[in-house]
Amino acid sequence: MEGTVFTPSLEGMQHIRSPQGEMLTKPFLDVCKLILPVIDKFGTAMALVKRDIGRNTSRLEKKYQSDPFRYNYLYNMVKEEYECKSAKGSTSCTNGILWLTRAMDFIVELFRNLLAHPDWSVTDACTDAYGKTLKKFHGWIASSSFTVAMKLAPDRKKFMEVITCKGDVRGDMEKFCLTFPPYLEENHKFLNDIIYSYWNDL
């Protein structure tokens, strides 16, 4: 069967965990980057989200590349920063994982909306997804910027035509929304268990 725009991400998810079940750094970051071509299809509306994903994946990749063996497991970065009391810094890898995970939560919710509400415009789907995910973490300026950007979302019919050039896009979108969230939930749980109990003002 011919692949879709989601195929690279779906294939990448098969390699996120080690044989022991631990989250691997490079495969996780690769999946986040492989979904960017789909986000590109939203045009200007997703520019802020794409920038945040790119910035955080770059930060984490740089850390990983400094010592691939040491940082083979994603959470090793967090553990090290926690031990050094540097996890709270705005440029920490801990913060990078947190915001990358939140951005991907938004992307998943957006795709869910497109699947569940065929009568919604792309702007409607984006606005609802934003309200359920990122909005509560943003200040007034960031929230206003996102609100303006989402009004620039493409026409739904044209958007679906662009991403449905080959393969079963709807089926793969559903698979993405089912397969990727458990990894994001694991990130949130790890950060809650290890960091949030000591980081009350995150």
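Cys 84 is exposed, with a relative accessible area of 55%; here buried means under 20% relative accessible area, exposed over 50%, and partly exposed in between, using a 1.4 Å probe and protein chains only. This is a predicted model, where local features need pLDDT of at least 70, side-chain atom pairs count only at pLDDT 80 or more, and totals for chains, interfaces and linings use all residues. Residues are numbered from 1 along each chain as its sequence is written, and side-chain values use heavy atoms, with hydrogens and water left out.

**Cysteines**

Let's stay with Cys 84 for a moment. Its sulfur lies 12 Å from the closest cysteine sulfur, that of Cys 93, which is too far for a bond. A disulfide is taken as a pair of cysteine sulfur atoms within 2.5 Å, and by this rule the count is zero. Cys 177 has its closest cysteine sulfur in Cys 126, at 13 Å, again too far for a bond. At 7% relative accessibility, Cys 177 is buried.

**Around helix α5**

Lys 85 belongs to the loop between α5 (74–83) and α6 (93–116). Helices here are DSSP runs (H or I, at least four residues), as strands are (E, at least two), numbered from the N terminus. The phi of Lys 85 is near 60°, a positive value in a residue other than glycine. Lys 85 is exposed, at 76% relative accessibility.

Glu 80 sits in helix α5 and is buried, with a relative accessible area of 15%. Leaving aside neighbours within four places in sequence, Glu 80 is in contact (heavy atoms within 4.5 Å) with Lys 63, Arg 70 and Tyr 71. With Arg 70 there is also a side-chain to side-chain polar contact, at 2.6 Å. A polar contact is a pair of N or O atoms within 3.5 Å; within protein, one must be able to donate a hydrogen and the other to accept it, and residues adjacent in sequence count only if both atoms are side-chain atoms.

Thr 4 comes in the segment before α1 (7–13) and is buried, with a relative accessible area of 6%. Beyond its neighbours within four places in sequence, Thr 4 has contacts with Lys 166, Gly 167, Asp 168, Val 169 and Asp 172. The side chains of Thr 4 and Asp 172 make a polar contact at 2.7 Å. Lys 166 is found in the loop between α9 (156–163) and α10 (169–179), and at 39% relative accessibility it is partly exposed.

Here are two residue pairs for a look in the viewer.

| Pair | Separation in sequence | C-alpha to C-alpha distance |
|---|---|---|
| Lys 166 and Thr 4 | 162 residues | 5.8 Å |
| Glu 80 and Cys 93 | 13 residues | 9.8 Å |

**A cavity**

Rolling a probe the size of a water molecule over the atoms shows where empty space is left. On a 1 Å grid over the protein atoms alone, a cavity is a set of points where a 1.4 Å probe fits but cannot get out, and lining residues have an atom within 4 Å of a point. Grid points are joined across faces, edges and corners, and a volume is the space filled by probe spheres set on the points.

Searching the whole structure finds one cavity of 30 Å³ or more. The largest cavity has a volume of about 30 Å³, and its lining is made by Val 49, Asp 52, Trp 99, Ala 103, Leu 134 and His 138. The elements giving two or more residues to this lining are α4 (47–66) and α6.

Terms used: On a 1 Å grid over the protein atoms alone, a cavity is a set of points where a 1.4 Å probe fits but cannot get out, and a pocket is an open set with protein on both sides within 12 Å along at least five of seven lines; lining residues have an atom within 4 Å of a point.
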